[in-house]
Structures are given as structure tokens and as C-alpha cells.
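Colleague: Please take me through a close look at one part of this model. Start with the contacts of a single residue, then work along the chain from there.

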Amino acid sequence: AQCHYQSINYGECTNLLGMIPETPERLLLLAQVKVKKEDFQSALVILNKILAYKNLPDQQHRDTLKLSISCAMKVNSHMVEKLIYLYLVKYPNTPESAEYAKNLLRIYDEGKTGDAKYYKLAEWFIINTKGNIDVIPMVLSCAEKIVNISTKEKLLRCLLDTPDFSAAELNALLKHIPTLKLKQEFLNRYQKTFVNTPELCELYYLSAEIAMELDNYADALRLVEILLQQPEVFRYKECKMLKIRAHTMLRQEEEGRRNCQELLLSQLTNQEKRQIVLELASSWERSGDNRKAIATAWTAVPLDGKSQNSDDAIVLSKLLQLIVRNAQIIDSQIDIDDAKELLEYF
């Protein structure tokens, strides 16, 4: 039978196998014949019969399981998920395991899979594929599908046992971690010395944003200042705006205004300019200089008072409301009337 199989004489091979008692080895040869003839469904039935045998030699069990997975995928069998999961549990450290796990994720994504399965698959990756470049993408793909926030946090917290992460990996993680507390834990655990590379610049910027959200304004200011001191500044506008917000929260109005003026000297869209002018005018208002607040706000209001989009309309409305508030304090009726007339557009 083996000779006929090697000679591609599958019919005679099958006839001979039918004349001798079934054993796992002989059934596997018959399944291989079915595969060669592209009768994957019949092959799958035979392979499942082999897997039911107890005390199969480990290599034979593994080969049978691999062939079963291949056939099940060919015929889009509902058994694929079960077979792959069985392989991952029994043979987690084999070369093909990671690829099987990717296939399992695809199967989960195509069906209605709950949090528990995504959690177990991601956990399998964390435990069994350390150092693999696919670990972080796969874990994040699973985490993205987990609805329960505490379950997602518990999963991502498992990654804290990893010795180290690159700056790029940390950036990806920080964008998916659901809570500020856990984000800060990752930043504390994997501190990086600054080097002016895109990945580390982004990490420092994200760290500054997280510090702002945690009300650690001085720390946010320190981090963003490192970026602004570089010869080639990473995301200059965003860094300056973050710095302005930090100065505002620290009640450092003069520093905030100075940074607003510096930012206004750069190339900006009209919408960006209005946002910065709003920050500057608001600073003058907080300092009690109502006339400067009004004068500053008017510089960003178009003559017709019209906006180009909804976001722009919100900023313009805030500028005009600021003008009205401060004009009422200094009793400037002309500013009140002009601003209220334009506010009718909103």
C-alpha cells in the first residue's frame, strides 16, 4: 500500500488498505490518499477516528492533528476552532503554533466570540511566544475585542511581567490601555532615556498627555519641554499647546501667554489660530486685563462672523462670548452690541 501511494497509484493503495486491519498508521495513510484526491471531508472523518485512539505516539498525534486542521480549514468545518485550540494547548512551543493562533483569532473575529475566548488566546500568546514580534499586535487585537474594561485591564496587566518593551511597543500599548492608572504603571515600569527618535518622541509626548490627565502638570511640562528643546521638534504645535495648557493649570499666566505668542508666529490654519487666540484672550481675562482680552479675541473673529465648520463655530462662539463678558465689565457697549450681533449666526 505504501509503495502504491508513493507511485501515485491511489486506487490500488486504497484497495490494499481495505484488506488489512485498521491501525492508526494505516488510517493515516488512507487519510493522506484522500487528501491527495482532494476529498478533504472524507480525510477529516478518518483523521478524527485516529485522534480518538488512546495512547497514540506523540509525533503521530501531532501529525494527525496538523493534517486534521488543514482539512478542516479546506472545507470550512466548524471543527477548526476546536482542533486548533487542542493543538495550542498540547503543542504550544512548536514552530507552527503562532500561525495557528493567528488563524484562531481570525475565526473568532468572523464569529460571535465572547471576552473569555479572546482573553485565553491573548494569555496563550503572552505565555508561549515571548520575544516574538507578533506578541504585542496579537494581544492588542484580542484586547480590542474584549468589551469588559476590567477584563481588558487584567489581560494587559499580564504584560507587566515582560522584561522590557521597545518605545514603539509602549506607544502601541498606551493607546489601548483603558485606564490612566495602568498607563502610568507601564510608564513607571519601562522608563526610557530620551533620544531624539520618532518612537521616543511619541512616547514622551504620550507620557506628557497622560501626566496632564492625571493632573501632574509639572511633570507634563518637564516632558514636553524636553521635546521642545530639540533641534528638530516633534509635533511642534501639539507640544506648544500642551505646554500652554500645563502653564494655565499651574497658574503661570505670563509663561502661557508667551508660548501663545510664539505659537502664533508659526504657520497655522485659521482654525488653529483661533484656538490659540482663545487661549491667549482667556489668559488675559483670568489676569483681569479685560481690554486686552477683548482686543485679542477680536483679532481672530472674521468680519462676517461666519465659520467654515462646526468645530470652528464652537471656537468663534466662545471668542464672542468672551468679548461680551469682558465688555460688560468695562461697560463697552459697542463691543457688546457687535459681539451679540455676530453671535446670532450661532
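Modeller: Leave aside the neighbours within four places in sequence, and Asp-115 is in contact with Lys-145, Ile-146, Val-147 and Asn-148. Bear in mind that this is a predicted model. Asp-115 belongs to helix α8, which covers residues 115-128. Asn-148 is 33 residues away from Asp-115 along the chain, yet the two C-alpha atoms are separated by 7.4 Å.

Now follow the chain to a helix pair. Helix α11 covers residues 167-176, and helix α13 covers residues 198-213. Their axes come within 8 Å and cross at roughly 30 degrees. The crossing of α11 past α13 is left-handed. On the α11 side, the residues are Ala-167, Ala-168, Leu-170, Asn-171, Leu-174 and Lys-175. They meet Glu-199, Leu-200, Glu-202, Leu-203, Leu-206 and Ile-210 of α13. By class, this contact of α11 with α13 has 8 nonpolar residues, 1 polar and 3 charged.

Two of these residues come up again with Lys-183. Lys-183 touches Leu-174 and Ile-210, and also Ile-177, when residues up to four places away in sequence are not counted. Its own helix is α12, residues 180-189. Lys-183 is buried, yet it has no salt bridge. Which side chain of opposite charge is nearest to Lys-183? That is Glu-213, 5.1 Å away. A salt bridge needs the side-chain nitrogen within 4 Å of a carboxyl oxygen.

Next comes the loop between α13 and α14 (217-228). Asp-215 lies there. Its phi is near 65 degrees, a positive value in a residue other than glycine. Asp-215 counts as partly exposed because its relative accessible area is 49%.

Further on is helix α15, residues 236-249, which holds Lys-243. Is Lys-243 buried or exposed? Its relative accessibility is 7%, so Lys-243 counts as buried. The cut-off for buried is under 20%. Lys-243 touches Leu-221, Val-224, Glu-225, Leu-228, Arg-258 and Asn-259, again not counting residues up to four places away in sequence.

Arg-251 has 76% relative accessibility, so it counts as exposed.

How values were computed
Residues are numbered from 1 along each chain as its sequence is written. This is a predicted model: local features need pLDDT of at least 70, side-chain atom pairs count only at pLDDT 80 or more; totals for chains, interfaces and linings use all residues. Side-chain values use heavy atoms; hydrogens and water are left out. Helices (H or I, at least four residues) and strands (E, at least two) are DSSP runs, numbered from the N terminus. Buried means under 20% relative accessible area, exposed over 50%, partly exposed in between (1.4 Å probe, protein chains only). Lys and Arg count as positive and Asp and Glu as negative; His and the chain ends are not counted. Contact means heavy atoms within 4.5 Å. Axes are lines fitted to C-alpha atoms, for helices over the stretch in contact, and angles run from 0 to 180 degrees between N-to-C directions. A crossing is left-handed if the near helix is turned anticlockwise from the far one by less than a right angle, and right-handed if clockwise. Ala, Val, Leu, Ile, Met, Phe, Trp, Tyr, Cys and Pro count as nonpolar, Asp, Glu, Lys and Arg as charged, and the others, Gly among them, as polar.
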